[in-house]
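Morning, everyone. Please look at the screen, and I'll talk you through the aromatic rings and then a sheet.

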Amino acid sequence: MYHIKEAAQLSGVSVKTLHHYDKIGLLVPLKSENGYRTYSQEDLERLQVILYYKYLGFSLEKIAELLKEEREDLLPHLTRQLDYLIREREHLNTLISTLQKTIQEQKGEREMSIQEKFAGFNYQDHQKYHQEAVEKYGQEVMDQALERQKGHENEATAAFNQVFRALSQNLQAGLPVTATENQEEAAKLLQAIRTYGFDCTIEVFGHIGKSYVYNPEFKENIDKFGIGTAQYTSDVIAHYVQTQTK
């Protein structure tokens with residue numbers, strides 16, 4: 001058994017945070033008659049799972065829901081977290097490689113294609129977006145998406161980036177959002193989401209398009225293909241959704 005200060009020191013979590021977890025029922029230790037909290041080995045194992053979920057971007061409310069699903073067995077959580085972290089490592093390795101190549105290019109040691117410059121910037125692979133997607137579409141849907149992407153991460157990145165690149169070029173060429181070329185790209189984007197993500201409906205596709213503008217991080221990443229690409233893509237998708245729902 002560990003007193004609260006010992007549990008805080010072992011885990012790197014503040015005593016105040018442990019008090020908060022106790023208050024909201026996320027991690028409730030044994031309490032003596034005088035109110036002192038003591039943490040068991042099982043409590044610390046649960047705390048480890050909580051901290052992993054926090055690192056992965058899950059809210060405390062969502063973590064509580066997930067832990068309720070597997071109240072006794074922590075193994076499913078650990079397995080899921082390992083899967084997430086491996087994917088994050090793969091994504092970071094890609095970004096590191098892209099950055100190293102960019103530095104070499106700036107030094108005049110090599111040249112990069114436009115495709116290489118944006119390797120690793122696929123919004124679906126960015127861990128910051130995972131929790132938002134979970135909250136919007138549900139854990140089961142996102143687990144399905146991760147399963148579909150297994151072994152196809154590079155293909156997924158290329159498919160999304162190809163669409164954003166094409167739309168950026170169409171924007172620079174002055175094509176209206178209603179142009180056939182743009183609507184074909186919208187169809188490709190929807191198919192990519194369905195192939196490498198989840199069974200996206202037309203309605204949800206419309207919401208995704210709007211998120212390219214109202215989510216600052218989505219907008220910033222997509223605009224790396226060219227300023228205004230995020231808004232342009234959003235408008236293209238909106239028109240596509242409108243024509244498909246008539």
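A search of the whole structure, which is a predicted model, turns up three aromatic pairs. Let's take two of them.

Start with F164 and Y212. Their ring centres are 5.8 Å apart. Their planes meet at 80 degrees, and over 60 counts as edge-to-face, so this pair is edge-to-face. Now find them in the chain. F164 sits in helix α9, residues 153-172. Y212 sits in helix α11, residues 202-214.

The centres are 5.8 Å apart here, and the planes are at 50 degrees. F225 lies in a loop, between α12 (216-222) and α13 (229-244). F164 and F225 are 61 residues apart.

Which residues form one aromatic cluster? F164, Y212 and F225 do.

Buried or exposed: what is F164? F164 is buried, because its relative accessibility is 2%, and the cut-off for buried is under 20%. F225 has 11%, so F225 counts as buried too. Y212 is also buried.

Now the sheet. It is open, with three strands in the order β1-β3-β2. The pairing is antiparallel. Which strands are at the edges? They are β1 (2-3) and β2 (30-31), and each pairs on one side only.

Look at β2 and β3. Strand β3 covers residues 37-39, and two bridges join β2 to β3. L30 has T38 in β3 as its bridge partner.

Last stop: helix α3, residues 41-55. Helix α3 lies across β1 and β3. Its direction is at about 80 degrees to β3.

Technical notes: Residues are numbered from 1 along each chain as its sequence is written. This is a predicted model: local features need pLDDT of at least 70, side-chain atom pairs count only at pLDDT 80 or more; totals for chains, interfaces and linings use all residues. Side-chain values use heavy atoms; hydrogens and water are left out. Rings of Phe, Tyr and Trp (its six-membered ring) pair if their centres lie within 6.5 Å; planes under 30 degrees apart count as stacked, over 60 as edge-to-face and the rest as tilted. Helices (H or I, at least four residues) and strands (E, at least two) are DSSP runs, numbered from the N terminus. Buried means under 20% relative accessible area, exposed over 50%, partly exposed in between (1.4 Å probe, protein chains only). Two strands pair if DSSP finds at least two bridges between them. Contact means heavy atoms within 4.5 Å. Axes are lines fitted to C-alpha atoms, for helices over the stretch in contact, and angles run from 0 to 180 degrees between N-to-C directions.
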